Amino acid sequence: MITACFKTITPSKMDSAAFIQSFGGIYEHSPWVARDAYQQGVLGRHNQIESLHQLLAAQVAAASQSNKLALINAHPDLAGKAAVAGELTAESSAEQASAGISSCSSAQYGQFTQLNAAYKAKFSFPFIMAVKGSNTQKILTAFSRRLEHSVEQEFSQALQEIDKIALLRLQQL
């Protein structure tokens, strides 16, 4: 298996502040993931994207339920109020735009609003999906399908999607 290396950065040569500065936004509004990964030890193998991703994802997997829930809740609703108000992180904004969410029709926006409300009512956290490379219809279909999950299934699915988002963000560096 060929692994991708970072183009201009070398994680294993960074001090704590530089590492957290570089990777603290990989997990939405959760620099603790990068901090904890650095404390675990960043080695030469972590100069490869996949290996660093595994180190970061391991911190999430080892986190307390409350930290995992806080990580999930740090994510914005798809086509939600933050998107409309222009308050998304640059990464979230680009990801939603790449899937056509920022240019959805008023009917689709209404569907997103309705599904966001139903999802939050059932699960008490936002719907999360790695939307890069997807499209509005696929996202709406997944939204509806995932509303049938149990809270436990969806909590696990949300964390899996967050890890996918993190890998995609690392690949953009």
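Colleague: Let's start with the largest pocket: how do the residues of its lining divide into nonpolar, polar and charged?

Modeller: Bearing in mind that this is a predicted model, the lining of the largest pocket divides into four nonpolar, four polar and four charged residues.

Colleague: Which residues are those, and which elements give two or more of them?

Modeller: The lining consists of S22, G25, I26, E91, A94, E95, S98, K132, L168, R169, Q172 and L173. The elements that give two or more residues to this lining are α6, which spans residues 90–98, and α9, and the largest share, four residues, comes from α6.

Colleague: And how much space lies in that pocket?

Modeller: About 230 Å³ of space lies in the largest pocket.

Colleague: While we are on α6, is Q96 buried or exposed?

Modeller: Q96, which lies in helix α6, counts as buried because its relative accessibility is 5%. If you want a distance from there, Q96 and A70 are 26 residues apart in sequence and 21 Å apart in space, C-alpha to C-alpha.

Colleague: Switching to the core, how many residues does the largest nonpolar core have, and which have the most contacts inside it?

Modeller: The largest nonpolar core has 46 residues, and those with the most contacts inside it are F23, Y27 and F112. At least two residues of this core are supplied by each of α1 (16–23), α2 (32–40), α3 (49–62), α4 (65–73), α7, α8 and α9 (151–172), and α9 gives the most, with seven residues.

Colleague: What is F23 in contact with, leaving aside its neighbours within four places in sequence?

Modeller: With those neighbours left aside, F23 is in contact with F6, I9, P11, M14, A34, L52, L170 and L173. One of these, A34, is among the buried residues of α2, where W32, V33 and A37 are also buried.

Colleague: Which helices do the buried residues of α2 pack against?

Modeller: The buried residues of α2 pack against α1, α3 and α4. Just after α2, G41 takes a positive phi of about 110°.

Colleague: And the loop between α2 and α3, what can you say about Q48 there?

Modeller: Q48 lies in that loop and counts as partly exposed, because its relative accessibility is 28%. Q48 and S12 are 36 residues apart in sequence and 9.9 Å apart in space, C-alpha to C-alpha.

Colleague: Now the aromatics, how many aromatic pairs does the count come to?

Modeller: The count comes to eleven aromatic pairs. In one of them, F112 and F143, the ring centres are 6.3 Å apart and the planes are at 65°, so the pair is edge-to-face. This pair links distant parts of the chain, with F112 in helix α7 (residues 106–123) and F143 in helix α8 (residues 136–146), 31 residues apart.

Colleague: Are F112 and F143 buried or exposed?

Modeller: F112 is buried, with a relative accessible area of 0%, and F143, at 0% relative accessibility, counts as buried too.

Colleague: What is the geometry of Y119 and F125?

Modeller: The rings of Y119 and F125 have centres 6.0 Å apart and planes at 75°, so this pair is edge-to-face. Y119 is buried at a relative accessible area of 1%, and F125 is buried at 2%.

Colleague: Which residues make up the aromatic cluster that has F112 in it?

Modeller: F112, Y119, F123, F125, F127, F143 and F155 form one aromatic cluster.

Notes
Residues numbered from 1 in each chain as written. Predicted model: local features only at pLDDT ≥ 70, side-chain atom pairs only at ≥ 80, totals over all residues. Heavy atoms only, no water. Phe/Tyr/Trp six-rings, centres within 6.5 Å; stacked < 30°, edge-to-face > 60°. Buried < 20%, exposed > 50% of the residue type's maximum accessible area, 1.4 Å probe, protein only. Core = buried A, V, L, I, M, F, W, Y, C linked by side-chain atoms within 4.5 Å. Contact = heavy atoms within 4.5 Å. 1 Å grid on protein atoms, 1.4 Å probe; cavity = no way out; pocket = protein on both sides within 12 Å on 5 of 7 lines; lining within 4 Å. Points joined across faces, edges and corners; volume = space filled by probe spheres on them. Nonpolar A, V, L, I, M, F, W, Y, C, P; charged D, E, K, R; others polar.
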